[in-house]
Amino acid sequence: MELTEQDFAAVWLTLKLAGATTALLLLLGTPLAWWLAHTRCRFKVTLEALVALPLVLPPTVLGFYLLLAFAPDGVLGGPWHWLTGSGLAFTFTGLLIGSMLYSLPFVVQPLQSGFEQLDKGLLQAAATLGAGRVERFRRLVLPLCKRSVLTAITLGFTHTLGEFGVVLMIGGNIPGSTQVLSIVLYDQVETLDYARAHWLAGGLLLFSMLTLLLLYTSLRRRPVEIMH
Amino acid sequence: MSLQLHLKHHYPGFTLDLDLDWDAKGICALFGPSGCGKSTLLRLIAGTEKPAQGQVRFHDQTWYDSTKNLWIPPQKRDIGVVFQDGRLFPNMSVADNLAFADAYSRRGPDVDRDWVIETLQLPPLLQRSPETLSGGQRQRVALARALFSRPKLLLMDEPLSALDHSSRQLILELIKQLHDLHRLPMLYVTHSADEVLRLADRLICLQQGQICADGDPATLLSEADAGLPGDQALLRGTVTELDNRFALAAVECDAQLPPIWVPSGKLQQGDAVTLSIHARDVAIALEPITDTSVQNQLPIQILELHPLDDTRMRVKVQFGPGTLPVTLTRRACEQLKLEPGTRATALVKSVALDY
């Protein structure tokens with residue numbers, strides 16, 4: 001039993017979606033996490049709850065509202081159509097936006113807790129040595145929050161890999177464009193093609209396990225030997 | 001060059017309000033008990049905290065002016081700061097910590113990097129991680145790092161308070177040498193009178209966020225009521241005798257008074273020393289005691305008694321021409337019937353004396 005071209009297309013699309021989602025979330029989630037970690041704004045709690053919402057919400061609920069928003073006259077679909085002349089529903093871009101919302105807490109929360117635990121005294125010391133904001137972020141915040149960044153990347157990526165409900169609602173099932181791994185798997189089970197389903201399900205299981213194993217191995221703290 | 005401050009700042013239960021003009025030459029000590037606002041003042045000058053109101057000017061630059069809504073962040077001020085806890089970057093080696101400072105260095109006087117590394121005895125530490133350093137080593141690296149950033153003004157926030165006696169003596173000596181060589185103005189926050197006398201040529205005493213005394217360190221510290229933290233006294237004297245067998249030195253403060261024995265350390269005959277005696281290290285007896293381990297028995301006369309809290313009493317006593325603060329329990333004061341005018345003996349352990 002070999003994997004078909006359709007299976008490979010689905011694997012490739014899924015990896016592309018997870019990669020793009022993680023990259024964009026890092027880009028947008030980092031400033032958001034930094035702001036949440038430092039703000040004294042009274043809307044902070046509301047925003048934190050909003051970020052955490054995808055953790056508890058059934059993906060179909062998120063998918064349903066996104067579907068409405070993606071409609072040609074919807075709050076996102078309308079402006080998008082005006083800008084690009086094309087729709088959002090049942091497209092890769094639409095999937096990407098959905099995945100970003102769906103995986104948002106998995107990226108923002110580890111980053112935020114990393115930023116909160118950071119010793120602010122070190123950043124002050126760097127400032128008194130003449131290092132500006134960007135340099136302080138690059139040379140201190142990122143290396144010191146390495147564990148949080150790794151966690152955010154891994155969780156964001158693997159969580160997007162397993163996405164099903166949101167995709168089902170907004171992506172449809174277009175091979176090569178919106179048909180991701182979990183949907184192909186669902187189809188195979190529906191048509192009682194368990195042999196192929198085993199390949200995909202087993203492969204995803206193994207991949208996720210290995211990724212998490214790699215993450216937790218790299219996060220293990222080595223004890224520091226104190227010398228005098 | 002000069003540093004001009006006109007600052008108001010508030011915390012719940014604390015107000016800082018002061019004006020200060022310093023010619024930014026030499027070493028100026030900011031001195032006072034904990035909570036007096038000296039570290040806050042340093043942070044306001046460094047720019048790691050924004051004052052509520054006022055101005056900060058250094059030389060021809062304005063760093064802060066609330067009336068013009070002007071604020072220069074710390075990275076654009078030509079300062080260096082040595083923090084109490086060193087604040088070395090744990091993700092870099094000692095050498096990389098120094099290179100970090102080098103990379104963003106300012107326009108202050110150039111420093112001879114090799115000389116600094118040699119003098120602060122850093123070569124064996126360069127490849128180490130800051131987490132593996134002892135307190136004294138960490139502060140030497142922190143000092144070098146601050147110098148490498150070529151500041152025009154060096155701020156030090158109790159840099160030695162977490163160190164043991166011998167590391168403290170070593171680093172004090174190094175700070176002095178560095179200052180003599182580089183002529184870098186230093187603002188030095190401390191609660192140790194000993195450090196003030198060793199380093200500073202101007203002393204500013206703070207109490208509850210205000211300047212309570214300002215002037216020559218030796219003069220101010222010898223005045224009994226300069227508003228200094230009342231828990232220690234300083235006695236100036238000369239080493240008149242050495243007991244080499246037990247490594248003790250006799251310090252004579254006044255020809256009329258018995259000498260005070262202290263650990264001799266590196267003291268030589270004829271050396272001038274300033275002893276600091278802490279109020280909690282002095283006991284009082286009504287008569288001289290014969291069978292005691294205490295090495296110093298000083299004739300005193302009680303001047304004043306003030307309750308400190310429910311348990312403790314602060315007793316001010318006359319010793320020769322100066323005064324000593326003594327902390328006793330209120331019960332002891334009652335049992336001995338101490339009152340102004342009582343003549344007694346102060347017992348001071350040699351091992352408790354610092355200089």
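Visitor: Is A:Thr21 buried or exposed?

Guide: In this predicted model, A:Thr21 belongs to helix α1 of chain A, which covers residues 5-38. A residue counts as buried when its relative accessible area is under 20%. Because the relative accessibility of A:Thr21 is 0%, this residue is buried.

Visitor: Which residues is A:Thr21 in contact with, leaving aside its neighbours within four places in sequence?

Guide: Contact requires heavy atoms within 4.5 Å. With those sequence neighbours set aside, the partners of A:Thr21 are A:Leu96, A:Ser99, A:Met100 and A:Thr160.

Visitor: Where in chain A does UniProt place the feature "transmembrane region"?

Guide: The UniProt entry, which is unreviewed, also gives a "domain: ABC transmembrane type-1" at residues 11-217 of chain A. For the "transmembrane region" feature, the unreviewed entry lists residues 12-37, 49-68, 88-108, 148-171 and 199-219.

Visitor: How many Å apart do the end C-alpha atoms of residues 12-37 of chain A lie?

Guide: Residues 12-37 form one of the spans that UniProt annotates as "transmembrane region". This span is 100% helix and 0% strand. Its end C-alpha atoms are separated by 35 Å.

Visitor: What percentage of the span 49-68 of chain A is helix?

Guide: The span 49-68 also carries the "transmembrane region" annotation in the unreviewed UniProt entry. Its end C-alpha atoms lie 22 Å apart, and its strand content is 0%. The helix content of this span is 90%.

Visitor: How many residues of helix α1 of chain B are buried?

Guide: Helix α1 of chain B comprises residues 38-46 and is mostly covered. The buried residues include B:Lys38, B:Leu41 and B:Ile45.

Visitor: Which residue follows α1(B)?

Guide: The residue after this helix has a positive phi, near 90 degrees. Its name is B:Gly47.

Visitor: Which are the edge strands of the open sheet of 4 strands in chain B?

Guide: The strands of this sheet pair in an antiparallel manner, in the order β14-β13-β12-β15. An edge strand pairs on one side only, and this holds for β14 (260-263) and β15 (272-278). On average, neighbouring strands are turned by 50 degrees against each other, direction ignored. The edge strands are therefore β14 and β15.

Visitor: Which residue in β15(B) is the bridge partner of B:Gln232?

Guide: Strand β12 of chain B, residues 232-243, runs antiparallel to β15(B). The two strands are joined by 7 bridges. For B:Gln232, the bridge partner in β15(B) is B:His278.

Note on methods:
Residues numbered from 1 in each chain as written. Chains lettered and ligands numbered in written order. Predicted model: local features only at pLDDT ≥ 70, side-chain atom pairs only at ≥ 80, totals over all residues. Heavy atoms only, no water. Buried < 20%, exposed > 50% of the residue type's maximum accessible area, 1.4 Å probe, protein only. UniProt positions renumbered as here; feature names shortened; annotations may be inferred. Axes fitted to C-alpha atoms, helices over the stretch in contact; angles between N-to-C directions.
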